[in-house]
Amino acid sequence: MSTTEATTEKPFSRIKVRVTGLVFCGDDVALLRRDRTDSTHYTTIGGNVAAGEDFRAAAVRELQEELGLAPDQAGDLELVAMADARVSRPGPTAPPRKIHLIYRTHVTPEVRATLATQEFDELPDGGHEVGTIEWIDYRKVGDLPLFPPIGKVLAQLPSPHAPLPAFELEPVTDQNYTWI
């Protein structure tokens, strides 16, 4: 098989890029918790990149939209990792392959106190799904249902400023992963 052939049973209809931010305040990292009837899961703060949008600009936009974090309130935005998600999702639409670009920044306790505590994700019917922003000690996120699955890598860091052991994270290929 050549490297360009699909490695999944169903080919992906498109590739999406998602930018996400690991926002640290001391040892705590901001995560978005979503409670659904059959599960609770966490995601890093972020979203999809619009057509033609610069990746870093998209990360800045997402942090501002979801957390209320203005660019001048945070430290440098550092690209620290990339994750390739090839997962299925329920429904008739073929799933996208999603590439996650993971940025990291740091805020002060004073800035943290001004940030959003909830995030409202627009649904196709015009309603909203409410997510809760939780600040969790990064050393305790290893076993959380976190997407992209960066929890175990974060939990092993010696400090919130330490380099990640690898830029490219293990690909996500679980065909039952529906948290994207």
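Contact here means heavy atoms within 4.5 Å. The structure is a predicted model, in which local features need pLDDT of at least 70 and side-chain atom pairs count only at pLDDT 80 or more, while totals for chains, interfaces and linings use all residues. Residues are numbered from 1 along each chain as its sequence is written, and side-chain values use heavy atoms, with hydrogens and water left out.

Helices (H or I, at least four residues) and strands (E, at least two) were taken as DSSP runs, numbered from the N terminus. On that basis the protein has three helices and nine strands, and the order from the N terminus is β-β-β-β-α-β-β-α-β-β-β-α. Among contacts with a separation of 6 or more, 67% link residues 24 or more positions apart. The accessible surface, from the Shrake-Rupley method with a 1.4 Å probe and, for residues, only the protein chains shown as cover, comes to about 9700 Å², and carbon and sulfur atoms hold 51% of that. Buried stands for under 20% relative accessible area, exposed for over 50%, and partly exposed for anything in between (1.4 Å probe, protein chains only). Of the 180 residues, 44% count as buried.

Eight of the 10 residues in S6 are buried, which leaves the strand mostly covered. Two strands are called paired if DSSP finds at least two bridges between them. S6 pairs with strand S1 (residues 15–25) in the parallel sense over 10 bridges, and Val23 stands opposite Thr105 in S6. With strand S5 (residues 78–86), S6 pairs in the antiparallel sense over eight bridges; here Glu78 has Arg104 of S6 as its bridge partner.

With a relative accessible area of 6%, Glu62 is buried. The side chain of Glu62 also makes a polar contact with that of Arg61 at 2.9 Å.

That pair leads on to the charged side chains. Side chains of opposite charge can pair when their charged atoms come close. With a salt bridge taken as a side-chain nitrogen of Lys or Arg within 4 Å of a carboxyl oxygen of Asp or Glu, the count comes to 14. Arg61 forms one with Glu62, the closest N and O atoms being 2.9 Å apart, and another with Glu53, where the closest N and O atoms are 2.7 Å apart. Arg61 counts as partly exposed because its relative accessibility is 25%, and Glu53 is likewise partly exposed, at 21%. Elsewhere, salt bridges that share partners join Arg34, Arg36, Glu119 and Glu129 into one network. Within it, the side chains of Arg34 and Glu119 meet at 2.5 Å, N to O.

The loop between S7 and strand S8 (128–137) holds Gly127. This glycine is partly exposed, with a relative accessible area of 25%, and touches Asp121 and Glu122, not counting residues up to four places away in sequence.

As for the interior, a nonpolar core is a set of buried Ala, Val, Leu, Ile, Met, Phe, Trp, Tyr and Cys residues joined through side-chain atoms within 4.5 Å. The largest has 22 residues, and Val23, Leu67, Leu69 and Trp135 have the most contacts inside it. S1, S2, H1, S6 and S8 each supply at least two residues of this core, with the largest share, four residues, coming from H1. Trp135 touches Val23, Phe24, Cys25, Asp28, Val29, Ala30, Val107, Arg112 and Leu115, not counting residues up to four places away in sequence. Apart from this core lies another, of 20 residues, among them Ala81, Leu154, Leu157 and Leu169.

Notes:
Polar contact = N/O pair within 3.5 Å; in protein donor to acceptor, adjacent residues only side chain to side chain.
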